[in-house]
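Subject: Structure handover and notes

Hello,

Here is the structure you asked about. Please load it before reading on, as the notes refer to residue numbers throughout.

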Amino acid sequence: LSYAATTPMCPSFKASADLRHSPKGRADALRGWHVARTAHAPDLARREADLLPVLDTCLGCKACASSCPVQVDIPAMRSAFYADYFKHHARPVADRLVLAAERLSPLIRRMAPLLAPFWPLAARLGERLTGSLDMPARLATGLPKGIWLRAADLDGPLPQGTVILVQDWFTALFDAEVQRDVIAGFAALGYRPRLLEMRPAGKAAHTAGDLEGFRRMATVLADLLNRAAATGAPLVAFEPAFGMMLRQEYAKAGIALPPVQMVQEFLAAEARTRAFPKPRTTVSAKLLSHCTETTAAPQSERQWAEVFAALGVTLETPATGCCGMAGLFGHQKRHQPVSRRLFDLSWRKHVEAEMPVLVTGFSCRCQSERLAGKPVRHPMGMIADLFRDGHWIV
C-alpha cells in the first residue's frame, strides 16, 4: 500500500490525518502482530496493545477493500484478529451486551409491545454500561397487522405481486418509520409487500470476531431465505449494510444464499418492463447513499436515479464519504470527535440544504438527525408520501 492509496478512501484517516489510522497503518500493524505471534516473540503483548486502538477506529466501510489497489480488506482482517485475541482475553462488557442483544433480537422484537414503555430506561442504562450515547430510545411498534411473513407461511404459494422484504435486527427493532415507508412505497407502486420474519444476520458477531456465533446465526438466516426464495417471490433488502453483508461476508464464509436484491436494483429492473405513475407537478430531491453500498455497489446511485426518473422525479446524487456513524461506531463516546468530523466534512452541507433529502442507510439517518437536527427519509418514504398526497397521475 502506498501513502497515496490510503488518502482518498479511509474515513478515520481523513478525520485524523494519522497514518496509523489508515489501511496502510493497520495492515502494517497486523502484519507485525502476525509475525510476532507466529514466532512467539516476547513483544507480542505490546504489539497487541498497540494494535487494538488502531483497529478500534476502523469504521468498517470497506472502502479499502474496493478502492485500494491491492484491495486489502481491513474489516475482515480485524474480525480475524479479534477472533484470535478473544480466545485468550476477556471480552469487554460492552461487546458482550451487544452480542447478547443481537442474539436475542427475535425475542425482543416479539415482545416489543410489552417492552416499549420500559425501553427508554433500558436504553439509558445500556448507554452507561457500554460507554455510548444517543442510542435508539424507542422500539419499533405499530406496524400494519398481518404484514409479517413467518416461516410457516412459506409452505404455500404467495399472491401474485408479493415482494418479500428482508431486514436485519437493528431496523427491525428500532426503525418502524423505514419499515412503514418501504411497505407503503411498494404498495403504492402496486406490489404486495410482506416483511419476512426477522432473523439476525450476525453482523455484530462478525465485527466483534465471534465467528462461531456469526456462522450459527448466518446458517439459520440462510435456511429461512432459501425457503422464502422457493416461493418464487423476489427477496428485497432495504438496509444497505445488511444487503452488502449478505453478498460479502456470507460469500466469504461459503454460506449459500438465494439472490437478495436491493430496493433500487429491483425497481430499476421493473421500470424497464412496466410503466410507473408520474407526478402532477415537478418534484426533485437529493439522495445520500450509505458508504458501504457506494463502495461495494457503485451503480446503486445510478439505479436510484433511474427509478425516480421513471417516476418523473429529478434526483440529485452528490458524492459523499462516510457520515461517521457506521453502525455502533458513532454512538460510542470515545469516537465522537472522529464521528462528528466526518459528518461535517461531507454530509452536513447536504443534509442542511433546503431540498428534500433522502438517505438510504439507517446509521446515516440517525447521524443526520442527531448532528443536524433534521429528520431525513428513506427514498421509499418520498414515493409513499407523493402517492398519499395525491400528487400522482396513475
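Predicted model: local features only at pLDDT ≥ 70, side-chain atom pairs only at ≥ 80, totals over all residues.

Residues are numbered from 1 along each chain as its sequence is written, and side-chain values use heavy atoms, with hydrogens and water left out.

An open sheet of 5 strands has the order 1-3-2-4-5, with parallel pairing. Strands (E, at least two residues) and helices (H or I, at least four residues) are DSSP runs, numbered from the N terminus; two strands pair if DSSP finds at least two bridges between them. Strand 1 (148-149) and strand 5 (261-262) are the edges, each pairing on one side only.

Strand 1 runs parallel to strand 3 over 2 bridges, and Trp148 has Leu195 of strand 3 as its bridge partner. Strand 2 is joined to strand 3 by 4 bridges, also parallel, and to strand 4 (residues 235-237) by 3 parallel bridges. Ile164 has a bridge partner in each of these neighbours: Arg194 in strand 3 and Leu235 in strand 4.

Helix 12 packs on this sheet and touches strand 1, strand 2, strand 3 (192-196) and strand 4. Its direction makes about 150 degrees with that of strand 3. Contact means heavy atoms within 4.5 Å; axes are lines fitted to C-alpha atoms, for helices over the stretch in contact, and angles run from 0 to 180 degrees between N-to-C directions.

Strand 7 (residues 283-288) pairs with strand 8 in the parallel sense over 4 bridges. Across this pairing, Val283 stands opposite Val313 and Ala285 opposite Leu315. Val313 and Leu315 form the covered face of strand 8, while Thr314 and Glu316 form the uncovered one.

Helix 22 is largely enclosed by the rest of the structure, because 8 of its 10 residues are buried. Buried means under 20% relative accessible area, exposed over 50%, and partly exposed in between (1.4 Å probe, protein chains only). The buried residues of helix 22 include Met380, Met382, Ile383, Leu386 and Phe387.

Nonpolar cores

A nonpolar core is a set of buried Ala, Val, Leu, Ile, Met, Phe, Trp, Tyr and Cys residues joined through side-chain atoms within 4.5 Å. The largest has 35 residues, of which Leu165, Phe186, Leu189, Leu267 and Met380 touch the most other members. At least two residues each come from strand 2 (162-166), helix 12 (176-188), helix 16 (263-271), strand 7, helix 18 (300-310), strand 8 and helix 22. Helix 22 supplies the largest share, 5 residues.

Not counting residues up to four places away in sequence, Leu267 touches Phe186, Leu189, Tyr191, Phe276, Val307 and Met380. Another core, of 30 residues, lies apart from the largest one; Ala218, Ile255, Met262 and Ala297 are among its members.

Helix 19 and helix 21

The axes of helix 19 (residues 336-346) and helix 21 (residues 362-372) come within 11 Å and cross at roughly 95 degrees. That makes helix 19 roughly perpendicular to helix 21; angles under 35 degrees count as roughly parallel, over 145 as roughly antiparallel, 65 to 115 as roughly perpendicular and the rest as oblique. Gln336, Ser339, Arg340 and Phe343 of helix 19 meet Gln367, Ser368, Arg370, Leu371 and Ala372 of helix 21. These contact residues divide into 3 nonpolar, 4 polar and 2 charged (Ala, Val, Leu, Ile, Met, Phe, Trp, Tyr, Cys and Pro count as nonpolar, Asp, Glu, Lys and Arg as charged, and the others, Gly among them, as polar).

Thr171

Thr171 lies in helix 11 (residues 169-174) and is buried, with a relative accessible area of 2%. Leaving out residues up to four places away in sequence, Thr171 touches Gln179, Phe238, Glu239 and Phe362. Thr171 and Phe242 are 71 residues apart in sequence and 9.8 Å apart in space, C-alpha to C-alpha.

Regards
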